[in-house]
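Q: Could you walk me through how to read the fold and the aromatic residues here?

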Amino acid sequence: MKDEVLIDIKDVKKHFPLSKKWFAEKKYVKAVDGVSFSIKKGETFGLVGESGCGKSTTGRLINGLIKADSGEINFKGKNLANISEKDWKKYRKPMQMVFQDPYASLSPRMKVKDILLEPLKIHYPKMPNDEKKKLITELMDKCGISEFHLEKYPHEFSGGQRQRIGIARSLILRPELIIADEPVSALDVSIQSQILNLMKDLQEEFGLTYLFISHDLSVVEHISDRVGVMYLGNLVEIARKRQIFEDPKHPYTQALLSSIPQPDPKKKRETIVLTGEIPSAANPPSGCKFHTRCPAAMEICRKIVPELKQLGREQYTACHLY
Ligand code: SF4
């Protein structure tokens, strides 16, 4: 159904303790600090930000790899934030992950056919072997890997081919949501676009919904319908892709965009150089967390946390300038 919300997360927080020693002062890294957004069925939501902004933690929270401290993670209307590990098993099938480094996530001792067989054996133990084989060969074909490769091991493939295998494995159980965490960051630029195009084709064929996590705005531009920009554990802007790339509102989004090389001189943006390092998520600045680097910072920014405000039909920004 068009506009049906598949995943809706509300005010999700995850703070990691800095020290496990009981006598140490309790300090926390506020990796995800009250994040809310939703993704519609069939949509690609790009989540961007610099390293350490909390985007990968957000993906892992949605997939249940780590548990949220608070907030709601609603998948098809069911809040998964507090369900037991046993109940989580039901949601492993419809939600799968694709990782940055497929080599690390594919067992080096298993042949490709066994890597793909494993989830089928667990979830469909009664499925006849020839049906399993048919499913695997069809899927590998759609992912651009020939049948004879099934007898090979992951180390015998290039990085791009390994990511194709990682994508095939994520699809073998016919999931609805794919959380792709930097899926092309480790690949050459020419291979990146092949993998992104493959992901688009598979999305259309299988009606997939993507949460696409990346530090690279040009990659996100290629694949996303809407984009969320994260900074130090918070979303600072959410908008449709065109709004983000043509009329970004938040000074942080504007700075990120200005650093993308622009081949068309007419579209060249004024370069905004951000001064200073990203502050520590264990000791974030008061008020707007971006105020220590923001070229437009005002007095109010040091004291008051800006709320995510709706500026247009689908554009939200957390900034006191609006
Ligand atoms: Fe900059 Fe202030 Fe807006 Fe934060 S709230 S982005 S410091 S202008």
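Q: What should I know about the model before going on?
A: The model is predicted, so local features need pLDDT of at least 70 and side-chain atom pairs count only at pLDDT 80 or more, while totals for chains, interfaces and linings use all residues. Residues are numbered from 1 along each chain as its sequence is written, and side-chain values use heavy atoms, with hydrogens and water left out.

Q: How many helices and strands are there in the protein chain?
A: Helices (H or I, at least four residues) and strands (E, at least two) are DSSP runs, numbered from the N terminus. The protein chain has 11 helices and 12 strands. Its radius of gyration, taken over C-alpha atoms, is 21 Å.

Q: Is Phe 212 buried or exposed?
A: Buried means under 20% relative accessible area, exposed over 50%, and partly exposed in between (1.4 Å probe, protein chains only). Phe 212 has 0% relative accessibility, so it counts as buried. By that cut-off, 46% of the 322 residues are buried. Phe 212 sits in strand E8 (residues 209–214). Leaving out residues up to four places away in sequence, Phe 212 touches several residues, among them Phe 45, Leu 196 and Ile 223.

Q: How do I read an aromatic pair, and how many are there?
A: Rings of Phe, Tyr and Trp (its six-membered ring) pair if their centres lie within 6.5 Å; planes under 30 degrees apart count as stacked, over 60 as edge-to-face and the rest as tilted. That rule gives six aromatic pairs. Take Trp 88 and Tyr 91: their ring centres are 6.2 Å apart with planes at 80°, so the pair is edge-to-face. Both lie in helix H2 (residues 85–92), three residues apart, about one turn of the helix. Tyr 231 and Phe 290 also pair edge-to-face, at 5.0 Å centre to centre and 80° between the planes. Tyr 231 is in strand E9 (residues 226–231) and Phe 290 in the loop between helix H10 (251–258) and helix H11 (299–303), so this pair ties together parts 59 residues apart in sequence.

Q: Which residues form an aromatic cluster?
A: Phe 75, Trp 88 and Tyr 91 form one.

Conventions: Rg over C-alpha atoms; globule rule 2.2 N^0.38 Å. Contact = heavy atoms within 4.5 Å.
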